[in-house]
Amino acid sequence: MTERIDCAVIGAGAVGLAIARRLAIAGREVVILEAEEAFGTHTSSRSSEVIHAGIYYPTGSLKARLCVAGKLALYRYCAEHDVSHKRIGKLIVATAPEEIEGLNEYRDQAEINGVNDLELLDADDIARLEPEVRGVAGFLSPSTGIIDSHGLMLAYLGDAEDHGAALALASPVVSGAVTRDGIVLDVGGRESLDILCGTVVNSAGFHAQAVARSITGIPPASIPPTHYAIGHYYTLTGAAPFKRLIYPVARRDWLGVHVTVDLGGQVKFGPDFAWIDRIDYRFDETRAAAFYEAIRRYYPGLRDGTLQAGYTGIRPKITGKGEPAADFVIQGPREHGVRRLVTLYGIESPGLTSSLAIADYVADLLEH
Ligand SMILES: Cc1cc2nc3c(=O)[nH]c(=O)nc-3n(C[C@H](O)[C@H](O)[C@H](O)COP(=O)(O)OP(=O)(O)OC[C@H]3O[C@@H](n4cnc5c(N)ncnc54)[C@H](O)[C@@H]3O)c2cc1C
C-alpha cells in the first residue's frame, strides 16, 4: 500500500533539519526520512563547528549571501533557543610580508559580501591579542564564532516536532519516481514502504546525487558529478594557548591549517584537504609531520608530541581536482523541471552557518 504525505525531507543533517523546521513552522505536514539510526551522523557532526563570518566567498554566490544572512539568523536563533555558542572572534594572520596582499584581498571580498567589521592588526596587535601567535599583519573578525552543532540540530528537530514534523530513522530512500500525483519514494529499512509525497526536498548530503539518480523523472543532466575531499583534525594536548580561532592566509605551497577552539576549550587544528574516491572516515596518521610544519609557521611554540589524531570529515564536492570550487547548488522546479521538488548539492562549508538561510531559500523555491 502507498502512504500519502504532504512533504518529505530526505536527510536529517543540520541542513535537512533546518529545512524541515522551516516547512513545519509554515504549516506543512513534514516527514524527515533519515537512512541512519540517528540524526546528524555524517558531515554535520564532523565539521569545525565554526559560525563563519562570510569573508572569502565569491561575489554574489549563494555561499556569500546565505552565509552572511545565515550567520545573523543563527546568532539570533542560538540566543533565543539556548543553543551553546560563543562569538569568540577569529584572527586571520599573514606570517610573511608576501602574504599581506592575500590579506588585502580578503578584506576587499569581505566588504563586497557585507562583512564590514574586520579590524586591521599589526604584528604588535597580534602579539597582544594572541601572545603565542607569530604574524606580521592580520585582521580580527569579531563576528566569527563557535557553536555546538549537536545542540543546534536538537533545537531544529525540537522546533520541527513541535510543529507536527516526524523523524523516521533507519529509513533510507532507495528509489522513487515522479508521477502525475506527486513523487513516490521507495523507503527501505526494517519495514520498506512506498510514500506518495506532494513535495520532496532532497537534502541527503554527499548522497544527494545518488538519491536524485534513483528517482526516475529527475533529468540526469540536472544532477552534478559527485566528488569527495577528506579533512583531518588533530587535537592539541594540554591547556589552550589561544583565545580565538586562528586562520593563516592560504598559500598554494603549504597546508593552511586553521586553529579552532571548541566550546569545551579543546584546541583542534585542521581540516587539511585530500581528494578521496569513496566515503571512508579512517584517519591517516602519516599526516602529522605536515601538520607540525604548517602550524609552526604561525605557532612556533608547538612542542613535539602534543598533536593527537582527532577525527575526519568529508566535504560533499561537486567539482573535482583542478576544477574551480563550486557554489552551493540548490535546484527548484525552474532548474530541473520537476514540480514541488528541491534538490541540494555540494552543501559543504559554510553549510552549518548558512542552514537557516538555506531553509528560507528552499521554502521560497517551493512557494514560487
Ligand atoms: C571537514 C568539514 C568542516 C566543516 N566545517 C564547517 C564549519 O566550521 N562551519 C560551517 O558553517 N560549515 C562547516 N562545514 C559544512 C557543514 O558541516 C555542512 O555544510 C553541513 O553539515 C551539511 O549538512 P547536510 O544536512 O547537508 O548534510 P549531512 O550532515 O551529511 O546530512 C545528510 C543526511 O542525509 C542522510 N542520507 C543520505 N542518504 C540518504 C538516503 N538515501 N535516505 C535518507 N537519508 C539519507 C545521511 O545519513 C545524513 O544524515 C564543514 C564541512 C566539512 C566536511
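Domain bounds in these legends come from an automatic or database domain assignment. The structure shown is a predicted model, in which local features need pLDDT of at least 70, side-chain atom pairs count only at pLDDT 80 or more, and totals for chains, interfaces and linings use all residues. Residues are numbered from 1 along each chain as its sequence is written.

View 1. The assignment gives domain 1 (2-47 + 150-225 + 325-367) and domain 2 (90-142 + 227-317). The protein chain has nine helices and 21 strands (DSSP runs numbered from the N terminus: helices are H or I with at least four residues, strands are E with at least two). The radius of gyration, 21 Å, is close to the 21 Å that the globule rule gives for 368 residues, so the chain is as compact as a globular protein of that length (taken over C-alpha atoms; the rule is 2.2 Å times the number of residues to the power 0.38). The C-alpha trace spans about 70 × 40 × 40 Å along its principal axes.

**View 2. Contacts between domain 1 and domain 2.** The C-alpha centres of the two domains lie 32 Å apart. Nine residues of domain 1 are in contact with 10 residues of domain 2 (contact: C-beta atoms, placed from the backbone, within 7 Å). On the domain 1 side, these comprise three nonpolar, four polar and two charged residues (Ala, Val, Leu, Ile, Met, Phe, Trp, Tyr, Cys and Pro count as nonpolar, Asp, Glu, Lys and Arg as charged, and the others, Gly among them, as polar).

View 3. At least three of the core residues come from each of domain 1 and domain 2. Leaving out residues up to four places away in sequence, Val30 touches Cys7, Val9, Ala20, Leu23, Ala24, Ala160 and Ala165. Buried residues make up 49% of the chain (buried: 20 or more other C-beta atoms within 10 Å of the residue's own, with C-beta atoms placed from the backbone; exposed: 12 or fewer; partly exposed: in between).

**View 4. Shell around the ligand.** The ligand is surrounded by 41 residues, of which Gly11, Gly13, Gly205, Gly313 and Gly351 are the closest (near: C-beta atom, placed from the backbone, within 6 Å). Helix H1 (14-25), strand S19 (307-317) and helix H9 (351-367) each supply at least two shell residues. By class, the shell has 16 nonpolar, 19 polar and six charged residues. Domain 1 and domain 2 each contribute at least three residues to the shell.

Terms used:
Two residues are in contact if their C-beta atoms, placed from the backbone, lie within 7 Å.
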